[in-house]
Amino acid sequence: MELLIKNGFVYDPINGVNGEKMDITVKDGKIVESVDERKAKKIDASGMTVMPGGVDIHCHIAGSEVNTGRLLRPEDHFKDFERKTLITRSGVGHSIPSTFTTGYRYARMGYTTIMNPSMPPLEAKHTHEELNDTPMVDKATYPLLGDWWFVLEYLKEGKIKECAKYVAWMITSTKGYAIKLVNPGGLEAWGFGHNVNSLDDQVPYFGVTPREIIRGLCKVNTLLNLPHTIHVHTNNLGKPGNYLTALDTMKCVEDLAAENEPVIHITHCQFSAFKGSDWRTMESGAEEIARYVNNHSHATLDMGQVIFTDTTTMTADGPFQYTLHELSGNKWVNHDVETETSSGIVPFRYRRKSYVHAIQWSIGLELALLIRDLWKIFMTTDHPNGGPFTSYPRIIAWLMSRKAREATLKKINPRARSRSLLPSIDRELSFYELAIMTRAGQAKALGLKSKGHLGIGADADIAVYNVNPETTDPSRKYKTVRKAFKKAAYTIKGGEIVARNGEILRHVEGATMWLDVQVSNPIEITDEMKRRFREYWTVEYENYPVTENYLEVSHPITVKADV
Amino acid sequence: MINLYPLKEFKFPIITECMNPDVFQGKTREEIDGLKIWEGNKQKRLGDLFRVEEVKKENQLEKTTITIRGDVNKLRRIGSCMKSGEMRIHGDAGMHLGEEMEGGKITVRGNVGGWAGSMMKGGTIEIHGNASDYLGAPYRGISRGMRGGKIIVYGNVGNEAGAYMRKGIIKIYGSAGQFVGLRMRNGTIYVQKDSEGRAGACMTGGKIVVGGFLESVLPTFTIDSVKKKVKIEEGDVIEGPFYLFLGDLTENGKGKLYVLKEKNPHLSHYERLL
């Protein structure tokens with residue numbers, strides 16, 4: 001099918017297009033130079049903003065963790081439900097929507113690519129089953145490898161190349177996309193009832209330190225030539241004073257970076273940027289982190305913005321979730337995933353009037369506004385940990401308008417307001433900068449060549465928003481902007497119009513992207529390895545890998561490794 | 001005043017969020033007829049299911065009163081979120097009666113289904129028949145139960161009455177099932193007759209008064225004293241003597257469980273511990 005999007009104001013930061021009035025032409029799901037004007041279906045985008053489809057680098061949308069969260073929280077569903085239509089399925093959920101609804105809601109906001117960031121390898125099949133059922137978007141998932149026994153064993157012995165082969169095998173057999181580390185070392189220590197408090201604490205039994213794990217996997221990542229960097233959830237997350245750990249984590253891989261290329265992604269950085277010695281003296285460490293990131297080029301971050309709402313926190317960080325349960329007294333789930341990781345879920349409500357929550361809200365925005373180069377910081381809420389992804393339009397309003405920030409500042413805890421840096425920040429993002437934070441930057445960091453831009457040959461994933469950048473000043477009319485980004489005028493996925501003004505027009509299956517990592521001599525599945533499977537796991541080796549036919553729409557990306 | 005007569009015997013559950021004096025206030029008969037309502041999976045008009053009869057009010061400022069005459073045990077969420085006015089039901093009512101109501105009054109001259117007065121914040125519910133399980137208890141998964149108001153039941157109630165209660169009064173003039181006041185934090189529950197047991201499990205505060213037979217008190221409650229009488233609310237004092245137990249100690253709770261001495265001679269061994 002041919003498509004012609006006429007006269008929109010196009011923002012395409014990867015190709016340097018900044019609000020130019022131009023036509024976008026689409027043929028067979030790709031962006032092309034020109035189409036036959038008579039045959040093509042035309043979309044009149046005059047007075048509208050055209051951007052590449054949104055990319056979300058970090059949102060928990062599928063897997064056993066998310067599903068357990070759904071089971072744990074019937075109260076999250078009963079007030080927020082969608083009836084079925086002729087095209088869409090019914091669904092429920094505010095902070096953890098059911099799979100189909102997740103896809104529809106992303107499509108309504110103009111998002112077309114999303115990344116599910118934590119998949120215990122053991123639960124890979126479950127995760128892919130849910131991803132298969134998440135329509136409208138292309139997706140990928142990161143296996144959790146930071147506390148996998150094989151990795152810990154090889155890093156203890158210093159066998160980086162051997163470790164890389166196993167990581168390659170794991171990524172390919174779980175159909176993953178990047179290396180995810182959550183509280184490296186801490187999750188294994190949690191199995192022994194402990195945690196690690198700094199980068200140099202030893203993990204019980206294995207005797208490796210978080211520093212060795214991060215550096216080891218960072219080297220592995222480089223050896224394997226993976227498109228994304230390592231994706232790190234830092235140690236000490238959610239503890240006052242942890243901004244130092246976040247800085248240490250970035251510093252420890254400083255020497256591994258080559259040619260200003262990023263080698264580490266610190267995810268939901270807001271949760272890792274607390275200053276102070278306890279909750280009462282907690283302050284924002286955003287300034288220090290922003291200063292470091294401004295002076296170095298080897299790290300990227302995402303915000304992990306907090307929204308004042310009722311949500312569900314879920315991470316693989318078991319010890320942190322236990323602490324959160326102790327703090328809030330809410331119901332909780334904690335789980336040890338055999339040899340690989342742990343996990344925890346706690347429902348949580350962020351309150352405006354709470355000092356700590358208000359400071360957290362401030363930290364996220366401070367990070368985004370203090371980091372000069374927006375190719376290094378991306379907009380997320382760490383859905384659903386900071387708030388559901390459906391609140392992205394509110395964050396957009398806060399980022400683009402000082403007035404919007406002030407309106408919220410007025411309502412938050414007064415002590416937090418007096419300590420917030422936000423009143424001193426004048427920066428207001430433009431549409432171009434917003435396009436970097438929400439799509440181009442994320443696609444670049446993920447190494448997605450055909451996403452996040454509108455150049456010739458790119459996937460025809462396009463979002464058209466009903467806001468005129470020439471006549472609308474986002475700084476003053478932030479409500480108009482918020483409304484426009486809530487319901488995209490048109491969402492185009494793979495060259496098809498899938499949503500219009502918040503209405504789903506067509507149900508399309510998105511592809512599951514995964515890495516086919518090719519190493520020169522792959523690991524042999526020996527009897528020894530099978531014995532380890534039998535000893536360590538509840539699953540036999542034969543049942544462990546996810547085969548390609550398990551994915552409904554498989555999109556393998558071949559990567560040639562250096563080992 | 002508006003009278004509603006069911007036109008048929010309902011087979012499918014009907015969600016009646018609109019059946020609420022605040023919604024009816026100031027509407028003409030035709031407008032009320034046209035209100036949207038779900039019967040099973042089909043959307044209908046209220047007029048398709050009920051005959052609406054309007055009785056002229058003498059005083060225009062008077063709050064709307066809705067009277068339903070007939071069995072409406074398939075109707076769910078009657079009077080949910082109502083803030084004022086009155087509802088009278090002459091027949092049985094379905095689940096979630098008066099869910100999250102904030103004011104006004106609901107009177108049922110019949111039995112009601114589960115979750116009556118669920119998460120209510122104010123107002124009064126009077127049930128002349130029996131109430132099913134989860135009286136005044138919140139929806140599954142929510143830990144904020146009843147936050148105010150008053151529920152009076154003249155018949156018996158099912159299990160878990162007043163679960164997660166935070167404030168308000170529940171008076172039951174019949175007997176109650178198991179787990180009365182499960183996880184309650186505050187407020188008062190009075191059961192005039194027997195209770196099936198496990199009263200006050202995991203309670204952290206509040207008051208439960210059992211005026212009938214209670215088979216056993218949970219082992220995580222300790223005896224505190226014997227009281228001559230208990231005050232339920234202003235102007236309502238029940239003469240005892242009552243055993244007063246404190247608990248639930250599994251939750252470090254300070255809830256009070258009063259059990260009538262006269263009907264429970266099998267609990268007399270607790271007196272040795274005083």
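In chain A, 28 residues of domain 1 are in contact with 29 residues of domain 2, where contact requires C-beta atoms, placed from the backbone, to lie within 7 Å. This is a predicted model, in which local features need pLDDT of at least 70 and side-chain atom pairs count only at pLDDT 80 or more, while totals for chains, interfaces and linings use all residues. Residues are numbered from 1 along each chain as its sequence is written, and chains are lettered from A and ligands numbered from 1 in the order in which they are written.

**Domains of chain A**

- Domain 1 of chain A covers 2-52 + 454-504, and domain 2 covers 54-446; such bounds come from an automatic or database domain assignment.
- The centres of the two domains, taken over C-alpha atoms, are separated by 29 Å.
- On the side of domain 1 that touches domain 2, at least two residues each come from β2 (17-27), β5 (49-52), β21 (462-465), α16 (478-486), β22 (490-493) and β23 (496-500) of chain A. Helices (H or I, at least four residues) and strands (E, at least two) are DSSP runs, numbered from the N terminus.
- With five residues, α16(A) gives the most to this side of domain 1.
- By class, this side has 16 nonpolar, six polar and six charged residues. Here Ala, Val, Leu, Ile, Met, Phe, Trp, Tyr, Cys and Pro count as nonpolar, Asp, Glu, Lys and Arg as charged, and the others, Gly among them, as polar.

**A five-stranded sheet in chain A**

- Five strands of chain A form an open sheet with parallel pairing, in the order β11-β12-β13-β16-β20; two strands pair if DSSP finds at least two bridges between them.
- The edge strands, β11 (180-182) and β20 (377-378) of chain A, each pair on one side only.
- Two bridges link β20(A) in the parallel sense to β16 (residues 299-302) of chain A, and F378(A) in β20(A) is the bridge partner of D302(A).
- Helix α8 (residues 243-251) of chain A lies across β12 (230-233), β13 (264-266) and β16 of chain A, at about 170° to β13(A). Axes are lines fitted to C-alpha atoms, for helices over the stretch in contact, and angles run from 0 to 180 degrees between N-to-C directions.

**Parallel strands in chain B**

- Strands β6 (residues 65-69) and β8 (residues 86-90) of chain B pair in the parallel sense over five bridges, with T67(B) opposite R88(B).
- Strand β8(B) also runs parallel to β9 (residues 105-108) of chain B, joined by four bridges, and R88(B) stands opposite T107(B) in β9(B).

**Between the chains**

- Four residues of chain A are in contact with four residues of chain B.
- The chain A side of this contact has two nonpolar, no polar and two charged residues.

Note on methods: Contact = placed C-beta atoms within 7 Å.
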